[in-house]
Amino acid sequence: MTLNAARTLLLEIDVQNDFCSGALAVQNAVEVIPPLNALAAAVTAKGGCAAATQDWHPWGHSSFASSYSGKSPGDIIDTETVNGQVLWPDHCIQGSWGAAFHEQLNLDPVSFIIRKGLQKTLDSYSAFFENDRRTPTGLEGLIRGLGIETVIIGGLATDYCVFYSAMDCKRLGLATIIAGDAVRGVDFPAGSVDNAVKEMKKNGIEFISSAELIGRLK
Ligand code: VGL
Ligand code: ZN
């Protein structure tokens, strides 16, 4: 089946230094970069659009273990806005090296950068809604305004930001495809990547390789 590039958005999730080699490094994270660059070139060459997200936290963010006394990364707590918040090492601090995009990610074809997790008391995994599941990032409005029908998602991490973004995307009625070779996961707690992949597939989110997607773009 062909893909109408002009109605397709490539959504590149959190390809930032902290997730590639810094505070919250995801195994083999940099392997997502070549397929994402190839997809961005192909989608935009045929009239489509590319966007990239950036986890962008202030110091003292409520998802950081360091913001609580006696808590460690990996602990799970209820915050004032979110039940079951996983606590992370300090990561993606606004303006820091760790928050910057990996230098090999080609941003030239990217027309929109969506930042999330800016509010101290509210974490955000999804590119569409923050973790209260209500506060919008604005991405949905952008997508509607552009007349996008299909969203191809890749980046980091499969079991967190990619997962929540894809589930929201599908729920909003958009055809949602994961570029299968362009995602890598944290896998914390162990098994969370498998669970996330199963849940996405169960919800009708397709997994297709970047090479096959590029071949289908018309
Ligand atoms: C992410 C944990 C904390 C992600 C962001 O990009 O998947 N994971 N913040
Ligand atoms: Zn974060």
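User: Which residues are around ligand 1?
Analyst: A residue counts as near a molecule if one of its heavy atoms lies within 4 Å of it. This is a predicted model: local features need pLDDT of at least 70, side-chain atom pairs count only at pLDDT 80 or more, and totals for chains, interfaces and linings use all residues. Residues are numbered from 1 along each chain as its sequence is written, and side-chain values use heavy atoms, without hydrogens and water. Around ligand 1 stand Asp 14, Phe 19, Leu 24, Asp 55, Trp 88, His 91, Tyr 125, Leu 156, Ala 157, Tyr 160 and Cys 161.

User: How far is an oxygen atom of ligand 1 from an N or O atom in the side chain of Asp 14?
Analyst: A polar contact is a pair of N or O atoms within 3.5 Å. Asp 55 has a polar side-chain atom 3.0 Å from a nitrogen atom of ligand 1. For the side chain of Asp 14 and an oxygen atom of ligand 1, the distance is 2.6 Å.

User: Which residue places a backbone N or O atom 3.1 Å from an oxygen atom of ligand 1?
Analyst: Here the backbone supplies the atom. The residue is Ala 157.

User: Is Glu 103 buried or exposed?
Analyst: Glu 103 lies in the loop between β4 (85-86) and β5 (112-116); strands are DSSP runs (E, at least two residues), numbered from the N terminus. Buried means under 20% relative accessible area, exposed over 50%, partly exposed in between (1.4 Å probe, protein chains only). Glu 103 has 73%, so the residue is exposed.

Definitions and conventions. Chains are lettered from A and ligands numbered from 1 in the order in which they are written. A polar contact is a pair of N or O atoms within 3.5 Å; within protein, one must be able to donate a hydrogen and the other to accept it, and residues adjacent in sequence count only if both atoms are side-chain atoms. Helices (H or I, at least four residues) and strands (E, at least two) are DSSP runs, numbered from the N terminus.
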